[in-house]
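User: I am new to this structure and would like to learn how to read it one feature at a time. Could you take me through it slowly?

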Amino acid sequence: MQIIVGLGNPGKKYERNRHNVGFETVDCIAKKNNFSPWRKKFQSQISEGKINLNKVILVKPQTLMNNSGFAVKEVLHFYKTHLNNLTVIHDDIDLKVGRIKSKIGGSHGGHNGLRSIDQQVHSDYFRLRIGIDRPVNKSQVANYVLSNFSEKDKYTIDNVINLIT
């Protein structure tokens, strides 16, 4: 069984924010693979299905980004699975819009969602990083990640999400 967590913030207010590319990605996976309807469980929205005959649990923590680790810990505990079955999809301001990178483990790099997960379950899990670029002024990072993409950048992000799902 694979657990795929998309990071984001719950609610309409944050729906199209840069910080929510993880949510958008797992929504696309669910839709393309005819997963079950989303339901509330483990401080999250959960959807279940199969990809290539393998059981997959999609997770959108509803704890706000900075507390994502609490929801992830509950999911891992309930399904009695290990970190090697965990994939976390998240935004990355150190990558240009639309670039993707993956890695296992490492630093949270200042990402508060990853920091929370690392604190709750450790850092040795697979990460899929989706670039959202960074603001010119470093003091604007919080406002930047909680703002919506430009039309051009949204088109790029939608194409990347469509390709990786």
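User: How many salt bridges does the count come to by the rule?

Analyst: A salt bridge is a side-chain nitrogen of Lys or Arg within 4 Å of a carboxyl oxygen of Asp or Glu, and by this rule the count comes to eleven. This is a predicted model, in which local features need pLDDT of at least 70 and side-chain atom pairs count only at pLDDT 80 or more, while totals for chains, interfaces and linings use all residues. Residues are numbered from 1 along each chain as its sequence is written, and side-chain values use heavy atoms, with hydrogens and water left out.

User: Which residue forms a salt bridge with K154, and how far apart are the closest N and O atoms?

Analyst: K154 pairs with E24, the closest N and O atoms being 2.4 Å apart. The pair links distant parts of the chain, since K154 belongs to helix α5 and E24 to helix α1 (residues 21-32), 130 residues apart; helices here are DSSP runs (H or I, at least four residues), numbered from the N terminus.

User: Is K154 buried or exposed?

Analyst: Buried means under 20% relative accessible area, exposed over 50%, and partly exposed in between (1.4 Å probe, protein chains only). K154 counts as buried because its relative accessibility is 13%, and E24 is buried too, with a relative accessible area of 11%.

User: Which residues of α2 are buried?

Analyst: In α2 (residues 68-79), the buried residues are S68, G69, A71, V72, V75, L76 and Y79. Seen down the axis of α2, they fall within an arc of 160° (taken from the directions from the helix axis to the C-beta atoms), so they line one face of the helix.

Notes: Helices (H or I, at least four residues) and strands (E, at least two) are DSSP runs, numbered from the N terminus. The expected span of a helix is 1.5 Å times one less than its number of residues.
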